[in-house]
Amino acid sequence: MAEIRMDDLTKIYDDGTLAVGEFTLTIEDGEFLVLVGPSGCGKSTVLRMIAGLEDITRGEMHIGDNLVNDVTPKDRDIAMVFQNYALYPHMTVRDNMAFGLKLRKTPKDEIRRRVAEAAGILEITDLLDRKPKALSGGQRQRVAMGRAIVREPAAFLMDEPLSNLDAKLRVQMRAELERIHNRLETTTVYVTHDQVEAMTLGDRVAVLRAVSPARPYNLQQVGPPHELFNDPQNLFVAGFIGSPAMNMIYARLEAEGEDVWVVFGDYRLKVDPRTLERHPGLENRTNEELVMGVRPTSMEASVIAGPDPDRTMRITAEVDENLGAEVFVHHTLNLRPVITPDVEELLADAGQTPESLGDTTEFVARISSDVDVTKGEQLDVVIDTRKLFFFDPKSGSRIGARSATAAAG
Amino acid sequence: MTTVATSPPVTAGGPRKGGRVKRWVVPGVLIAVTITWLVPTLGLFITSFKSRAASSQYGWWQVWQGGWTLDNYNEVLFSPSLPPPGFADNFINTIIITIPATILPIAIAAVAAYAFAWLDFPFRNWIFLGVIALLVVPLQVTWVPVLKIFNTLNLTGTFPGIWLAHTGYGLAFAIFLLRNFMADIPNDLIESARIDGAGNVKIFTRIVLPLSLPAIAALAIFQFVWVWNDLMNALIFLQTPDKFPLTVGIRNLLGQYGNEWNLLSAGAFLSMIVPLIVFFALQRYFVRGLTSGAVKG
């Protein structure tokens, strides 16, 4: 087991494309770190650089105490689980798992012991003599895991290992992965596109984003899941983490004596002092246009939360999605939608364009399903104004955010 | 961002679409081609069991006229009246020529194909293009220069000489075929082996070679039959009668007896036996979708 240290890592492809820039991150020994971001954000490239499958253009990569920039994959002591599993189709499950050990001249008894142990952990002992084509997707996934486990490597690298499974199996394997990690405590770097997977699995999560001329670095923010959720440093992270996504609204702050109010459209909400505390300098940004973020989960219907006129929005339930325990209520605000480079990138990842938003702002509230929601009816929703976020509309940074480099550190 | 080169596994027997006419087009054409191909062979087969008189008097389709006989086979195999070295020696020569001339080019081509498909070296694509360009060079233009070189090296009239000639002539196509097959092996599989600790030698012998068996089997049949049936190269490069293969022997049957089709057809059938055995032995490697199960398609 080992720590993985990346200093100012840069990857430029032969055609001159900058894929990864100024990537500095230390993955601690035994940590489960998730690299998450939209397609093309460089997360797989980082993983492949750790594996040694991709050359490092600049910067340094250490695994344990060794500088591994020029070390071949086989000498890096890492194991990788591929998105496609990449099982050797002409070998049985047993031989697939033993292949790496045989190449390393591990004694036969030891190979047998490790394969049996890994098969036991993964509950695939019955499948050892089968060929991969006789396995289901979930079973192949387990074999791919087993092949990594038997190696007892310094680190596991996983490239979207669950993305080819159906939803139910994915949830099951996610729990399994967590159990295996708790048991083996091997440093794990996990790449995914799915922020729910990132939040549930990661000890820490690193949010990546494609580089741009103005921003030649990928890393947006690294931290434990709750930190990314409660303390996003910019619009991109705020919009990417959390499902359903954070509501983004153009809004203005107004000071009124001791109190600060946020105003958008016909709505006026009293901002809680704790929101001001979380945004140093926000009190100086009154009467200018800011982007307000509020999560659908920071709301409740007033019939449950109790009346609170200073913090209540009356919305129309245009669409309601009832998930059993909770209901997502959709409402349209007659305000132009928030479109910044950060938002555009998030939209592109969801297959949308800024034009597809029209000129209104979508607003989603999550309320308890105990409330009777009738489509087209009005509904009073109390907003938890302790949990508002305010962003600079130009830079996309949160007001009073730590600098990007500090955030990445 | 994850670049995954996967070829979806071939699934046989998908649902057939189209009307009744459309459904019969492909089988219809295949049956027509097969019949066209088989009729002369059938004629030859029947003729080989007819006496000389019967074969000149009746057409082969008059199957029951003129009786049946095994004399042709007897004469071709054992008659002392045939010129030396005789059919049995020709047969042994053919085997001596064919086996190395099949194994050598495939062995060399497999290594070269791996390099072209999976190793990074300067001018890789240009060199491969050069190999493909060799496919269009007509055999005939090479005979004189190659023979001159063989004469200088004392290879003319030797078995190693003809092995080399067949190897050279077979390589371009073999490399072309195997390289394209190997390049279709999913990249993840090769990378996975690299991370598992395999170098190029292990990747080649343990992963790429086993997975390329269908292509190698196809190539082996192709090359084997081609060398087995080769007449011109044997005449040009061997030159000594005691080293001549079956093809030259069969031609001599024709030369000596003029129109004795009955003997020729028996000889031809005897020479077909081994290629047929090779074909049926190797055809089980034509497994469709050998890589299925490797990667999620």
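So, how many residue pairs are in polar contact across the interface of chain B and chain A? The rule finds eleven, with both residues at pLDDT 80 or more. By polar contact I mean a pair of N or O atoms within 3.5 Å; within protein, one must be able to donate a hydrogen and the other to accept it, and residues adjacent in sequence count only if both atoms are side-chain atoms.

Quick housekeeping: this is a predicted model, where local features need pLDDT of at least 70 and side-chain atom pairs count only at pLDDT 80 or more, while totals for chains, interfaces and linings use all residues. Residues are numbered from 1 along each chain as its sequence is written, chains are lettered from A and ligands numbered from 1 in the order in which they are written, and side-chain values use heavy atoms, with hydrogens and water left out.

Back to the interface. Chain B puts 26 residues into the contact and chain A puts in 39, contact being heavy atoms within 4.5 Å. Together they bury about 2700 Å², 60% of it on carbon and sulfur atoms; that's the accessible area (1.4 Å probe) that two parts lose on being put together, summed over both.

There are also two salt bridges across this interface, meaning a side-chain nitrogen of Lys or Arg within 4 Å of a carboxyl oxygen of Asp or Glu. Have a look at B:Asp196 and A:Arg151, whose side chains form a salt bridge at 3.3 Å, N to O. On the side of chain B that touches chain A, α8 (187–196) and α9 (200–211) of chain B are the elements giving two or more residues. The largest share, eight residues, is from α8(B). Helices here are DSSP runs of H or I, at least four residues, and strands are runs of E, at least two, numbered from the N terminus.

Now the sheets. In chain A, five strands make an open antiparallel sheet, in the order β13-β12-β11-β14-β21; two strands pair if DSSP finds at least two bridges between them. β13 (267–270) and β21 (388–391) of chain A each have a single partner strand, so one side of each has no neighbour in the sheet. Strand β14 (residues 289–294) of chain A pairs with β21(A) over four antiparallel bridges, and there A:Gly293 has A:Phe389 as its bridge partner.

The other one is a three-stranded open sheet in chain A, β17-β18-β19, also antiparallel. Its edge strands are β17 (319–322) and β19 (361–368) of chain A. Strand β18 (residues 326–333) of chain A and β19(A) share eight bridges, with A:Glu326 opposite A:Ser368.
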